[in-house]
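Subject: Structure for your review

Dear colleague,

Please find below the structure that I am handing over to you.

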Amino acid sequence: MAKLTVLAAILLVALLAIASATAHRTTITTTVLEDEENPGQGGQSQRCQQKIQEQQQQLWHCQQYLSQMSPSDLRMYPLPGQQEEHLRPCCQTLENFDEQCVCEAVMHVVRQQLQQGGGWQGEEMQQQVMQKARNLPRKCNLEPQQCQIGAVFV
């Protein structure tokens with residue numbers, strides 16, 4: 001009986017070791033959207049905003065990536081080759097941001113596109129673009145893997 005108990009304990013330890021070795025880490029960052037002139041922003045947010053302003057022109061590629069979809073189809077099928085044309089430079093730009101600032105940069109791109117009229121007409125299309133924006137860090141192999149983006153107020 002003692003041998004069976006020891007064997008069960010060894011088996012349990014081995015299973016736990018395998019489970020922890022195969023687990024992967026996913027980081028999710030929640031971005032709370034408020035007025036850009038929010039006086040309660042901490043130092044990190046100010047650093048993020050400064051970096052966003054420095055990278056403003058390069059973030060244009062992210063805006064183009066999020067905007068590209070077939071106009072006749074809301075399922076966001078890209079026109080051949082166009083998404084990758086902007087995805088690589090977008091990812092290269094996002095790589096310049098600290099992990100804590102990636103989602104703020106993505107949110108800035110979404111907010112800017114909406115303020116400019118965006119071309120994302122209809123709630124369904126806006127929801128699909130928001131989903132694409134949430135997953136942009138994953139497409140770029142960046143942490144966090146996903147941005148928690150709720151409603152956008154412009």
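Of the 154 residues in the protein, 38% are buried. Please bear in mind that the model is predicted.

I begin with the overall organisation. The protein contains 7 helices and 2 strands, and their order along the sequence is α-β-α-α-α-α-α-α-β. Of the contacts between residues at least 6 apart in sequence, 74% join residues at least 24 apart.

The mean pLDDT of the protein is 74, and 59% of the residues reach 70 or more. Helix H7 (residues 136–139) has the highest confidence, at a mean of 94, whereas strand E1 (residues 28–30) has the lowest, at 43. Over residues 23–41, pLDDT stays under 50; the model has 32 contacts beyond four places in sequence for this stretch. Residues 70–76 also have pLDDT under 50 throughout, with 10 contacts beyond four places in sequence.

Finally, I draw your attention to one pair of helices. How do helix H3 (residues 60–67) and helix H5 (residues 102–115) cross? Their axes come within 9 Å and cross at roughly 70 degrees. An angle of 65 to 115 degrees counts as roughly perpendicular, and H3 and H5 are therefore roughly perpendicular to each other. The crossing of H3 past H5 is right-handed. On the H3 side, the contact is made by Cys62, Gln63, Leu66 and Ser67; H5 contributes Val109, Val110, Gln112 and Gln113. By class, this contact has 4 nonpolar and 4 polar residues, and no charged ones.

Yours sincerely

Definitions and conventions: Residues numbered from 1 in each chain as written. Predicted model: local features only at pLDDT ≥ 70, side-chain atom pairs only at ≥ 80, totals over all residues. Heavy atoms only, no water. Axes fitted to C-alpha atoms, helices over the stretch in contact; angles between N-to-C directions. Helix = DSSP H or I, 4+ residues; strand = E, 2+ residues; numbered from the N terminus. Parallel < 35°, antiparallel > 145°, perpendicular 65-115°, else oblique. Left-handed = near helix turned anticlockwise from the far one by under 90°. Contact = heavy atoms within 4.5 Å. Nonpolar A, V, L, I, M, F, W, Y, C, P; charged D, E, K, R; others polar. pLDDT = per-residue confidence, 0-100. Buried < 20%, exposed > 50% of the residue type's maximum accessible area, 1.4 Å probe, protein only.
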